[in-house]
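Dear colleague,

Please find below the structure I promised to pass on to you. My notes on what was found in it follow directly after.

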Amino acid sequence: MTSTHRPRDLGLPKPRIKATRDGQGFVPLTEKVKSPITKPPQSPNSNGGDPKLPPIKAPLPLLSLSQSPQPIRLHLPLSNKKKQSQTIHGLSEFPSSVQTEDSMAETEISPVLQEPRHVVRKFQARPQHEGDGAVVRRSIGRFELKYFDPFLVLDEFSVAAPAGFPDHPHRGFETVTYMLEGAVMHEDFEGHKGTIKAGDLQWMTAGRGIVHSEMPAGPGISKGLQLWVNLSSTNKMIEPRYQEIQSSDIACMAKDGVEVRVIAGESMGVQSPVYTRTPTMYLDFKVRQSAHLRQPIPATWNSFVYVLEGEGVFGSERTAPVGPHHLLLLGQGDGLEVWNKCSKPLRFVLIGGEPLGEPVAQLGPFVMNTEEEIDRTIDDFQFYVNGFEKAKHWRSEGMGGL
Ligand code: FJE
Ligand code: FE
């Protein structure tokens with residue numbers, strides 16, 4: 001392989017993560033999201049073809065190339081995508097180290113919303129194979145929703161040994177791993193390693209480059225969410241950084257049948273210590289039967305819900321309840337209202353972020369702004385330079401060590 005020859009693979013030892021239909025794999029990787037989703041704006045009454053959804057009234061800065069709100073730009077779902085039949089079964093209990101409102105006087109727990117956001121698109125995340133024998137339900141990052149600025153991927157993963165995500169690189173974004181059940185062992189080429197257990201959070205800023213492995217720890221199935229948050233052009237090449245929070249240290253609050261775990265941002269008067277370079281909120285809610293919540297969301301941010309357990313009514317009280325493995329994109333407004341009208345507890349995550357409004361060039365785990373930057377990244381990875389130096393002599397323990 002010479003530097004003038006565009007590599008067909010990234011020089012990874014075998015067994016490695018293989019290419020996948022949606023281009024998120026490693027070998028070969030040819031897909032680039034050059035100017036992300038460029039479908040023309042839909043008509044004012046469009047709801048993306050889903051007759052069950054209310055019309056889209058408000059512009060949503062889905063893939064804007066500037067910071068100002070843009071007309072909604074959506075992918076229409078492909079009708080003939082092959083269905084896969086594997087299912088993921090029940091999730092763990094909501095971790096229980098929750099503060100109560102008595103200890104938090106004078107905080108605004110039920111804020112009034114001027115313009116509640118409505119659901120503008122709904123996706124069911126179906127299982128697909130990723131990594132080495134792992135199963136993920138990918139919602140953001142799949143073909144129909146390649147990018148929801150600033151979010152690149154949302155995977156609900158389910159993995160049991162010997163499957164996992166062996167040695168692989170990242171550059172230009174952050175991976176946020178939030179464990180729901182079981183545990184994941186990780187180790188990187190700098191020697192940073194540990195175990196992310198149920199309820200724990202790892203916020204990894206890959207920046208200029210990380211090579212690592214993420215494998216299930218212990219017996220049984222490990223489940224969680226992995227979110228990829230894009231970094232702005234000014235942050236893509238920063239030094240890698242980890243923010244790791246154990247379950248018992250995650251900020252929590254409970255009131256009136258609503259519990260929240262604040263992964264990033266603020267809710268019900270409590271704040272996460274996580275620093276988000278791309279301003280992001282990430283809230284894990286549990287809502288008891290008949291309970292209702294209102295959560296403010298900054299008006300210029302993109303936001304979505306992913307349902308984990310039970311069924312919830314989101315955005316407007318007269319809409320149909322939505323169950324597990326569904327992603328709901330929210331339209332414009334200053335917050336979200338949710339009702340649980342079912343007997344089972346509802347668990348969902350609400351995630352929002354400030355759109356970057358920058359072009360995206362993606363080659364699997366490398367996310368930059370231009371094709372030239374991607375070409376340089378391939379060279380950097382291939383020749384172990386500009387942040388990938390330590391990849392030269394490193395293999396994870398699972399891959400046989402050094
Ligand atoms: C990756 C394929 C992958 N979702 N959820 C291609 F599988 C991965 C990858 C993951 C991943 C890891 C965990 Cl622990 C949880 C995940 C994809 O590692 F990064 C690319 N590029
Ligand atoms: Fe990774």
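Cysteine 252 is buried in this predicted model, at a relative accessible area of 3%; buried means under 20% relative accessible area, exposed over 50%, and partly exposed in between (1.4 Å probe, protein chains only). Cysteine 342 also counts as buried, at 18%. A search of the whole structure for disulfides returned 0, a disulfide being a pair of cysteine sulfur atoms within 2.5 Å.

As to conventions, residues are numbered from 1 along each chain as its sequence is written, while chains are lettered from A and ligands numbered from 1 in the order in which they are written. Because the model is predicted, local features need pLDDT of at least 70 and side-chain atom pairs count only at pLDDT 80 or more, whereas totals for chains, interfaces and linings use all residues, and side-chain values use heavy atoms, with hydrogens and water left out.

The metal site

The iron ion (ligand 2) is coordinated by His168 (NE2), His170 (NE2), His212 (NE2) and Glu214 (OE), at 2.1 to 2.2 Å. Donors are N, O and S atoms within 2.8 Å of the metal (3.2 Å for Na, K and Ca); water is not among the atoms, so sites may look incomplete. Along the chain, the donors of this ion follow the spacing H-x1-H-x41-H-x1-E. Histidine 168 belongs to strand 5 (residues 165-170) and glutamate 214 to strand 10 (residues 210-217), so the pair ties together parts that are 46 residues apart in sequence. Strands (E, at least two residues) and helices (H or I, at least four) are DSSP runs, numbered from the N terminus.

The 4 donor atoms subtend angles of 84 to 177° at the iron ion, which makes the arrangement irregular. Four donors count as tetrahedral if all angles lie between 85 and 135 degrees; four count as square planar and six as octahedral if opposite donors are over 155 degrees apart and all others between 65 and 115; anything else is irregular. Histidine 168 is buried at 4% relative accessible area, and glutamate 214 is buried at 7%.

The protein has 1 helix and 25 strands. An open sheet of 7 strands has the order 1-21-19-23-17-14-13, with antiparallel pairing; two strands pair if DSSP finds at least two bridges between them. Strand 1 (119-124) and strand 13 (251-255) stand at the edges with a single partner strand each, so one side of each is left without a neighbour in the sheet. Strand 1 pairs with strand 21 (residues 326-330) over 5 bridges, and valine 119 has leucine 330 as its bridge partner there.

Within this sheet, 8 of the 8 residues of strand 23 (residues 346-353) are buried, so the strand is largely enclosed by the rest of the structure. Leu346, Phe348, Leu350 and Gly352 point one way from strand 23, and Arg347, Val349, Ile351 and Gly353 the other way. Strand 17 (residues 280-287) is joined to strand 23 by 8 bridges, with threonine 280 opposite glycine 353. Strand 19 (residues 302-309) pairs with strand 23 over 7 bridges, and valine 305 stands opposite leucine 350.

For the protein as a whole, buried residues make up 57% of the 402 residues.

Yours sincerely
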